[in-house]
Amino acid sequence: MNYLSVDSLAKHYGERVLFEGLTFGVSKGDKMALIANNGTGKSSLLKIISREIIPDYGTVVAEGGIVYCPQQSGTNSQKKVASVLGISSLLNSLQRVEDGNGDQSDFDVIKDRWSFSRDFKEALCRYDLKH
């Protein structure tokens, strides 16, 4: 079973062809590397796979979500991680519940978000924070 299937993918910028007819799959346990010269479409491919941009043609099917983390450095180094993530109130509510001091409003904030590692990783990548 493929966790990621790419079929007949193509991307052009004007007359420039980045890739055409790109087809591959990634299954559980697979390891892969994307190696090519600068400007050949690696970032564009990853943005297509993560649904940040659309291909000219072809399909991408992914089980679960895929996140694209750009290489550029961020400028938010002075912000606290919880603030950047927008999870301060969630963390505070979780802490109060863990301490035995939570009330219904804390459970209303938490809902079913007892684990939010994906949101955490996405935000870290978005703001170029180390983890």
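**Exercises: salt bridges in a predicted model**

Aspartate 106 has a relative accessible area of 2% and is therefore buried (buried is under 20%, exposed over 50%, partly exposed in between; 1.4 Å probe, protein chains only). The model is predicted: local features need pLDDT of at least 70, side-chain atom pairs count only at pLDDT 80 or more, and totals for chains, interfaces and linings use all residues. Residues are numbered from 1 along each chain as its sequence is written, and side-chain values use heavy atoms, with hydrogens and water left out.

**Exercise 1.** Find which residue forms a salt bridge with aspartate 106, and where the two lie.

*Solution.*
Step 1. Apply the criterion: a side-chain nitrogen of Lys or Arg within 4 Å of a carboxyl oxygen of Asp or Glu.
Step 2. The partner is arginine 96, with the closest N and O atoms 2.7 Å apart.
Step 3. Aspartate 106 belongs to helix H4 (residues 104–110) and arginine 96 to helix H3 (residues 88–98), so the pair ties together parts ten residues apart in sequence. Helices here are DSSP runs of H or I with at least four residues, strands runs of E with at least two, numbered from the N terminus.
Step 4. Arginine 96 is partly exposed, at 36% relative accessibility.

**Exercise 2.** State how many salt bridges the whole structure holds, and describe the one formed by lysine 11.

*Solution.*
Step 1. The search finds two.
Step 2. Lysine 11 pairs with aspartate 56 at 3.8 Å, N to O.
Step 3. Lysine 11 is in strand S1, while aspartate 56 is in the loop between helix H1 (42–49) and strand S3 (57–62), 45 residues apart.
Step 4. Lysine 11 counts as buried at 10% relative accessibility, whereas aspartate 56, at 38%, counts as partly exposed.
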